[in-house]
Amino acid sequence: MQREDFVATAVGLGAAAFVFAVMFWLVDAGAVLAAARSGDPLLLLGVAATILLWNVSWGLALWNVLRALEIDVPLENALLVNAAGAFANHVTPFGQAGGEPVTAWLLTKTAGTDYEVSLASITSLDAINVVPSLGFAALGASYYVLTTTTNGELGLLPLGVITAAVVLPVVAVLLWRNRTTLRRRFGSLGPGIHRVVSAIPLVPVPDLETVKGRFAGFAGAVGRVAVSRERLAAAIGCSALGWAFQATGLWVTFLALDSFVPVYVPFFVLPLGKVGSVFPTPGGLGGTEAINVTLLTVLTAASVPTIAAAVTIHSVGGYLLTTSVGAAATSVLGVRE
């Protein structure tokens, strides 16, 4: 890790720690700790299992994406790259934006593909993961709207989620069908952008034709994933399974703390909590948890200290577990090189 990257990660972790400190101060840290200590060890072990199964499911989704691109990668390698990608996301600021280029580089080293194809694979997986998350959030929002007799404390948020679940796929389809026209219109901006970036000191930039070739390779790879219907459906199914394991894990965490929340609630809350990943901390740590605690406080009758303890165990515990597994996977991939 470069010195500046290490500093950025350290600052990000410090910011996340500050967010947690404020949250625990508002909620009462003693009560949160007492709730966490009351957890059933066997059920908490089950939570850890759901987190691992969630990551395996998304590794299977990545494998299907690679198969759609006719990249012959053993299943275990796809699982290792996905785990290593989680590690990369968790140690770089801005979550996915920081870790995905590193994950693509690892995939290039592992599978021997061009970097732009690897990046297209990881980008496609990110896009695929959005599909079931929108679906689960929309179903949860619909249930909330239909079963809440008043306007509810969430205001227009559930209707906004339902609208997004309908509008975003339509927009995506329209953009895909008009991709040739859009590429032609915006392609003329390429030379100007290239000149601006090339003028930045200490930033090595390939020549324009090389950039065009790499972008064409990236776009072509994304296109091949989109038209491979069987593999795309399999990837979406694996992604949905991963979301289901993740939501089930949060639900079981409440059971471990001798509390109960409706089953639909985690399926609604967790996708919305991912908005917190834009928080400039490694893996979005702190921002995601703050959103989850806020939504769960509104949607459930559980005490706030119990909610904070459940979210911390599930989210921070999952963060530490997937980071540890991802670090081991990164080491294994490095040894194989």
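User: What does Asn55 touch, not counting residues up to four places away in sequence?

Analyst: In this predicted model, Asn55 touches Asn82, Ala86 and Thr322, with residues up to four places away in sequence left out of the count. Asn55 itself has its place in helix H3.

User: Why is Asn55 called buried?

Analyst: The relative accessibility of Asn55 is 16%. Buried means under 20%. Asn55 therefore counts as buried.

User: Why is Leu168 called partly exposed?

Analyst: Leu168 has a relative accessibility of 46%. Partly exposed lies between the buried limit, under 20%, and the exposed limit, over 50%. The value of 46% therefore makes Leu168 partly exposed. Leu168 is found in helix H7, residues 157–177.

User: What makes H3 oblique to H6?

Analyst: The axes of helix H3 (residues 41–68) and helix H6 (residues 115–147) come within 10 Å and cross at roughly 125°. That angle makes H3 oblique to H6, because 65 to 115 degrees would count as roughly perpendicular and over 145 as roughly antiparallel. The crossing of H3 with H6 is right-handed.

User: Which residues of H3 and H6 meet?

Analyst: From H3 come Trp58, Ala61, Leu62, Val65 and Leu66, and from H6 come Ser121, Ile122, Ser124, Leu125, Ile128 and Asn129. By class, eight residues of this contact are nonpolar, three are polar and none is charged.

User: How do you know that H3 and H4 are oblique to each other?

Analyst: The axes of H3 and helix H4 (residues 75–91) come within 8 Å and cross at roughly 120°. Since 65 to 115 degrees is the range for roughly perpendicular and over 145 is roughly antiparallel, H3 and H4 are therefore oblique to each other. H3 passes H4 in a right-handed crossing. On the H3 side the contact is made by Asn55, Val56, Trp58, Gly59, Leu60, Leu62, Trp63 and Leu66, and on the H4 side by Leu75, Ala78, Leu79, Val81, Asn82 and Ala86. This contact of H3 with H4 divides into 11 nonpolar, three polar and no charged residues.

User: How does the reach of helix H11 compare with what is expected at 1.5 Å a residue?

Analyst: Helix H11 (residues 229–256) has 28 residues and reaches 40 Å from its first C-alpha to its last. This is close to the 40 Å expected. H11 is followed by Asp258, whose phi is positive, near 60°.

Conventions. Residues are numbered from 1 along each chain as its sequence is written. This is a predicted model: local features need pLDDT of at least 70, side-chain atom pairs count only at pLDDT 80 or more; totals for chains, interfaces and linings use all residues. Side-chain values use heavy atoms; hydrogens and water are left out. Axes are lines fitted to C-alpha atoms, for helices over the stretch in contact, and angles run from 0 to 180 degrees between N-to-C directions. Helices (H or I, at least four residues) and strands (E, at least two) are DSSP runs, numbered from the N terminus. Angles under 35 degrees count as roughly parallel, over 145 as roughly antiparallel, 65 to 115 as roughly perpendicular and the rest as oblique. A crossing is left-handed if the near helix is turned anticlockwise from the far one by less than a right angle, and right-handed if clockwise. Contact means heavy atoms within 4.5 Å. Ala, Val, Leu, Ile, Met, Phe, Trp, Tyr, Cys and Pro count as nonpolar, Asp, Glu, Lys and Arg as charged, and the others, Gly among them, as polar. The expected span of a helix is 1.5 Å times one less than its number of residues. Buried means under 20% relative accessible area, exposed over 50%, partly exposed in between (1.4 Å probe, protein chains only).
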